[in-house]
Amino acid sequence: MAATVTTGATGTRGFGSERLKEALIGYSFIAAPMLVYSVLFFYPIVYAIYISRYDWGVLGKIDTRGWGNYRELLHDNRFGIAIKNGLKFTISFTVFSMALGLFVAVVVNSVVRARSFFRSSFYFPSIASSAAITAVAIFVLSFDGLFNKVTGLHRAWFGESGTALWALVGLNSWTTSGTVMLFYLAYLQAIPTDVYEAAAIDGAGAWRTFWKVTFPLLKPGHFFVSTLLVIGGLKMFDQAFIASGGNGGPNNSTLVPVLYLYRVAFFDVRFGFAAAAGIALMLLMITLTLIQRLTFGRGEAA
């Protein structure tokens with residue numbers, strides 16, 4: 001009995017040392033990438049928090065402001081407009097992109113022939129240059145552009161304050177829906193077929209099967225896709241910059257948070273104030289992500 005206990009203890013110690021050795025080897029492999037990631041990701045955040053407490057110009061620190069930049073930010077009307085436009089764009093962009101991407105994913109998933117062709121066709125706008133697409137869209141949606149000639153409308157879609165932001169929403173929803181389609185396809189193909197067989201036995205139609213079976217089972221996909229879209233929507237910059245010429249016009253209708261940050265930093269040359277705006281935007285993203293986490297549920301989203 002004593003010999004057996006000794007052998008077991010030795011085996012346990014050996015197993016533990018092997019596990020520790022494997023862990024150390026694994027961590028040694030990821031140490032260099034994690035160090036680079038920390039330098040390129042975490043250090044800028046910490047540095048941005050540091051300079052956000054100063055009046056920071058081209059030549060460096062000018063004066064200590066404490067939380068003055070953040071207080072000024074709260075009372076800045078243009079920042080309020082930028083946040084309002086950003087939230088309006090992000091919510092609309094997220095809803096439209098998810099709806100269009102899910103619709104296309106369901107259609108493509110049910111297609112037997114030429115499935116790869118349709119996937120590639122719908123995904124193609126997602127890999128095209130957003131700057132090039134925006135430039136073409138400005139030309140097509142101009143007052144005398146192709147879109148107005150085909151539809152009979154007479155509007156400069158990017159030149160009017162009432163339509164400029166919505167034109168960006170439609171443009172971004174179309175270009176992003178291909179990526180959303182791929183994400184939803186992965187989740188659709190992970191749903192077991194027996195649930196559909198059970199629904200068919202119960203006599204459920206196509207729409208009832210989708211709404212009662214498919215849509216609830218896609219809850220992890222909804223959380224993943226919506227989180228990516230919300231963060232991407234709040235980070236939108238290049239399309240708004242190109243469409244407005246960099247000034248957020250017309251009448252501040254395309255002034256989104258990152259464009260506001262850019263103008264404060266490089267036009268007003270107030271890097272400390274711009275850093276405060278960036279930190280505020282990061283906190284907004286974290287808050288919205290936590291809300292989404294609570295909305296979709298911890299267990300389902302995991």
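User: In this predicted model, which residue forms a salt bridge with E72?

Analyst: Look for the closest N and O atoms of the pair. In this predicted model, they are 3.0 Å apart. A salt bridge needs the nitrogen and the carboxyl oxygen within 4 Å, so the pair qualifies. The partner of E72 is R270.

User: How many residues apart in sequence are the parts that E72 and R270 tie together?

Analyst: E72 lies in helix α2 (residues 68–74). R270 lies in the loop between α12 and α13. The pair therefore ties together parts whose separation in sequence is 198 residues.

User: Is E72 buried, partly exposed or exposed?

Analyst: The relative accessible area of E72 is 29%. Buried means under 20% and exposed means over 50%. The value for E72 falls in between, so E72 is partly exposed.

User: How many residues are in the largest nonpolar core?

Analyst: F89, F158, L168, Y184 and Y260 have the most contacts inside this core. Elements that give two or more residues to it include α3 (77–110), α7 (164–189) and α13 (271–296). Another core, of eight residues, lies apart from it, with W56 and I279 among them. The largest core has 43 residues.

User: Which residues does L168 touch, not counting residues up to four places away in sequence?

Analyst: L168 is one of the residues with the most contacts inside the largest core. Close neighbours in sequence, up to four places away, are left out here. The residues touched are F89, F158, M236, Q239, A240, A243 and T254.

User: How far apart are the end C-alpha atoms of α3?

Analyst: Helix α3 has 34 residues. At 1.5 Å a residue, α3 should span 50 Å. The distance in the model agrees with that expectation. The end C-alpha atoms are 49 Å apart.

User: At the start of α3, which backbone nitrogen does a side-chain oxygen of D76 reach?

Analyst: The side-chain oxygen of D76 comes to within 3.1 Å of this nitrogen. The nitrogen belongs to R78.

User: In which helix is confidence lowest?

Analyst: The protein averages a pLDDT of 86. Confidence is highest in α12, at 94. The lowest mean is 48, for residues 298–301. That helix is α14.

Notes: Residues are numbered from 1 along each chain as its sequence is written. This is a predicted model: local features need pLDDT of at least 70, side-chain atom pairs count only at pLDDT 80 or more; totals for chains, interfaces and linings use all residues. Side-chain values use heavy atoms; hydrogens and water are left out. A nonpolar core is a set of buried Ala, Val, Leu, Ile, Met, Phe, Trp, Tyr and Cys residues joined through side-chain atoms within 4.5 Å. Buried means under 20% relative accessible area, exposed over 50%, partly exposed in between (1.4 Å probe, protein chains only). Helices (H or I, at least four residues) and strands (E, at least two) are DSSP runs, numbered from the N terminus. Contact means heavy atoms within 4.5 Å. The expected span of a helix is 1.5 Å times one less than its number of residues. A polar contact is a pair of N or O atoms within 3.5 Å; within protein, one must be able to donate a hydrogen and the other to accept it, and residues adjacent in sequence count only if both atoms are side-chain atoms. pLDDT is the predictor's confidence in each residue, from 0 to 100. A salt bridge is a side-chain nitrogen of Lys or Arg within 4 Å of a carboxyl oxygen of Asp or Glu.
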